[in-house]
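Trainee: I would like to learn how to read a structure feature by feature. Can we take one topic at a time?

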Amino acid sequence: MLVRLTPLALAALLAACAAPGLSPGPKNLAPAQFAQLPAPSPGAATMTAAFVDDAQLQRVVDEVLANNRDLRAAAARLKQAQALADAAGAQRLPTVGVGASASRQRAPNDQGQFNNFNSYNVNATAAWEIDLWGRAAANARAAGYDAESAALDRDAAQLSLAGTALNLQAQLIGLGHRLALAKDALTVQNQLLDLVKARVGAGRGTAVDQARAEALVAQTSATVPALRNAACLTRLQLDLLRGQPPADCDKADSDPLPAMPEPRLVSLGTLPDPAGLLAARPDVKAAAARAQAAAARAHVAWAARWPSLGLTGQIGWSAGRAGDLFKSGTQIHSVAGALNWQFLDFGARKAEETAARAGYEAAVATAEQAQLTALQDAQGSLSTLRETELQAAAQAAAADATARARELALKRYEAGVADFYSLLTAEQDRLQAQDALIQVQAARATALLSVHKAFAARLTAQR
């Protein structure tokens, strides 16, 4: 079992076990601290607490982790890599085999006369290549790091898919609330339209007011199919992640509407520092493991340029009759050593070593890029969370103010001290502010989820 190493320990390990002259491993690119941290909200949960504390959201994540085909493929690749690592490790040990044979042949004797001969053989052989230059050990290390990176890739895929599923579910809930808002607004606006028609019929309203009321109803009605389609497309994406056939969007549209997620802002005292982030992210650790595998393969290519030493041994019995086998006079045995060195290959193995070293340099660059991506992801998610917290507070105040303004405009219109245009404007402002508030609430939930995902925090509740 390989020990998982942080990026800080990677360079030291590579220097110890890599081919001579190999450049240092990936640098640790973590800054001292993150900037633009959001302020924690009252009663904030810690990063160790689950983002998901809702049964429906939990069920979505469970279905994704259980049925997603990409995760199944990642698990199969891990099993494959582990088997290859076992095979590579076994190559460092002696091989032992047994065999038996029987033959009949016709051949001339010393006088040129042809006779028939029987031959029976039973033998056991053993072979072992002495690992003079560490080639077999390096090959086993490379396969082990391949298995390590496959396991980390699976972990990263689980984290990514769980986060994506929660993101889509939050979007779906937000779209459902926007759709419900539009339908409720249509009910209110149709009531206003009836009120205007009654006033026009009584001679206290104008055709312009009625046309404006009808236009508002039509505009709001136009948003309903667009929201339904957006919800349907989001649901289809979620079904794909859950490994399910496409759902009937019309049937799902009648399902009970869940409450908007109420995310809990993390306690900043529990956020990992940048170095801790890199040590926790499975994608960063997977890239580091691939660099370690590339270093081991560079050692394999270097060791292939030098002589190899093998030992073989055999013990067996050979007789002309099957009944004579295992008698003392039929025993044969041998021990041999062989030294092989292809010192003249016109630069073929040198070129292979150069290619392996270049592969290592590419893996080091990729590992450093994975660090930068993780740091950018974390810093960006923190900035987004900070701004969406401020935006959500301001939008909630705006929604409350427009609701009060609409109520006052309705009373003034009914009292005859304000025209219908003021009421119409107030109703439009109320609808827009409420719709924007729902979108900001969904964005805030997504932003907090992005923080948990960026810091490789647990996204599901422990059950």
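Trainee: Is Trp 341 buried, exposed or partly exposed?

Mentor: This is a predicted model, and every value here is computed from it. Buried is under 20% relative accessible area and exposed is over 50%, with partly exposed in between. Trp 341 has a relative accessible area of 44%, so this residue is partly exposed. Trp 306 has 33%, so Trp 306 is partly exposed as well.

Trainee: What share of the residues counts as buried?

Mentor: Of the 463 residues in the protein chain, 37% are counted as buried.

Trainee: How do I describe two aromatic rings, and what kind of pair do Trp 306 and Trp 341 form?

Mentor: In general, two numbers are used: the distance of the centres and the angle of the planes. Here the count comes to 7 aromatic pairs. In the pair of Trp 306 and Trp 341 the centres are 6.4 Å apart and the planes make an angle of 35 degrees, which is tilted. Trp 306 is in the loop between α8 (282-303) and β3, and Trp 341 is in the loop between β4 and α9, so the pair ties together parts 35 residues apart in sequence.

Trainee: Which residues form one aromatic cluster?

Mentor: The cluster consists of Trp 133, Trp 302, Trp 306, Trp 341 and Phe 343.

Trainee: Which ring has the charged end of Arg 199 over it?

Mentor: The ring of Tyr 413. The charged end of Arg 199 lies 4.5 Å from the centre of that ring.

Trainee: Next, the strands. How should I read the sheet, and in what order do its strands come?

Mentor: As a general idea, side chains in a regular strand alternate between the two faces of the sheet. In this model there is an open sheet of 4 strands, ordered β1-β2-β3-β4 and paired antiparallel. Its edge strands, β1 (95-108) and β4, each pair on one side only. From one strand to the next the twist averages 25 degrees.

Trainee: How many bridges join β2 and β3, and how many join β3 and β4?

Mentor: β2 (residues 114-130) and β3 (residues 308-319) pair in the antiparallel sense over 11 bridges. Between β3 and β4 (residues 331-340), also antiparallel, there are 10 bridges.

Trainee: Where can I see this at single residues?

Mentor: Take Gly 313. In β3, Gly 313 is the bridge partner of Ala 126, and Gly 313 also stands opposite Val 335 in β4. Another case is Ser 308, whose bridge partner in β4 is Asn 340.

Trainee: How do I read a salt bridge, and how many salt bridges are found in the whole structure?

Mentor: The general idea is that side chains of opposite charge can pair when their charged atoms come close. A search of the whole structure finds 16 salt bridges. One of them joins Glu 129 and Arg 135, with the closest N and O atoms 3.1 Å apart. Glu 129 is partly exposed at 39% relative accessible area, and Arg 135 is partly exposed at 28%.

Trainee: Which residue does Asp 153 meet in a salt bridge?

Mentor: Arg 290, at 2.9 Å from N to O. That pair links distant parts of the chain: Asp 153 is in α4 (residues 135-201) and Arg 290 is in α8, 137 residues apart. Asp 153 has 33% relative accessibility and counts as partly exposed; Arg 290 has 36% and also counts as partly exposed.

Trainee: And which residue does Asp 435 meet?

Mentor: Asp 435 meets Arg 178, with 2.8 Å from N to O. The two are 257 residues apart, Asp 435 in α10 (residues 420-454) and Arg 178 in α4. Asp 435 is buried, with a relative accessible area of 16%. Elsewhere, salt bridges with shared partners join Arg 406, Glu 407, Glu 427 and Arg 430 into one network.

Trainee: Last, the helices. How far does α9 reach?

Mentor: In general, an α-helix has 3.6 residues a turn, so residues three or four places apart point the same way. α9 (residues 348-415) has 68 residues and reaches 96 Å from its first C-alpha to its last, close to the 100 Å expected at 1.5 Å a residue. Just after α9, Gly 416 takes a positive phi of about 80 degrees.

Trainee: How many helices and strands does the chain have?

Mentor: The protein chain has 10 helices and 4 strands. Along the sequence, the pattern is α-α-α-β-β-α-α-α-α-α-β-β-α-α.

Methods
Residues are numbered from 1 along each chain as its sequence is written. This is a predicted model: local features need pLDDT of at least 70, side-chain atom pairs count only at pLDDT 80 or more; totals for chains, interfaces and linings use all residues. Side-chain values use heavy atoms; hydrogens and water are left out. The expected span of a helix is 1.5 Å times one less than its number of residues. Two strands pair if DSSP finds at least two bridges between them. Rings of Phe, Tyr and Trp (its six-membered ring) pair if their centres lie within 6.5 Å; planes under 30 degrees apart count as stacked, over 60 as edge-to-face and the rest as tilted. Buried means under 20% relative accessible area, exposed over 50%, partly exposed in between (1.4 Å probe, protein chains only). A charge sits over a ring if NZ of Lys or CZ of Arg is within 6 Å of the ring centre and within 35 degrees of the ring normal. A salt bridge is a side-chain nitrogen of Lys or Arg within 4 Å of a carboxyl oxygen of Asp or Glu. Axes are lines fitted to C-alpha atoms, for helices over the stretch in contact, and angles run from 0 to 180 degrees between N-to-C directions.
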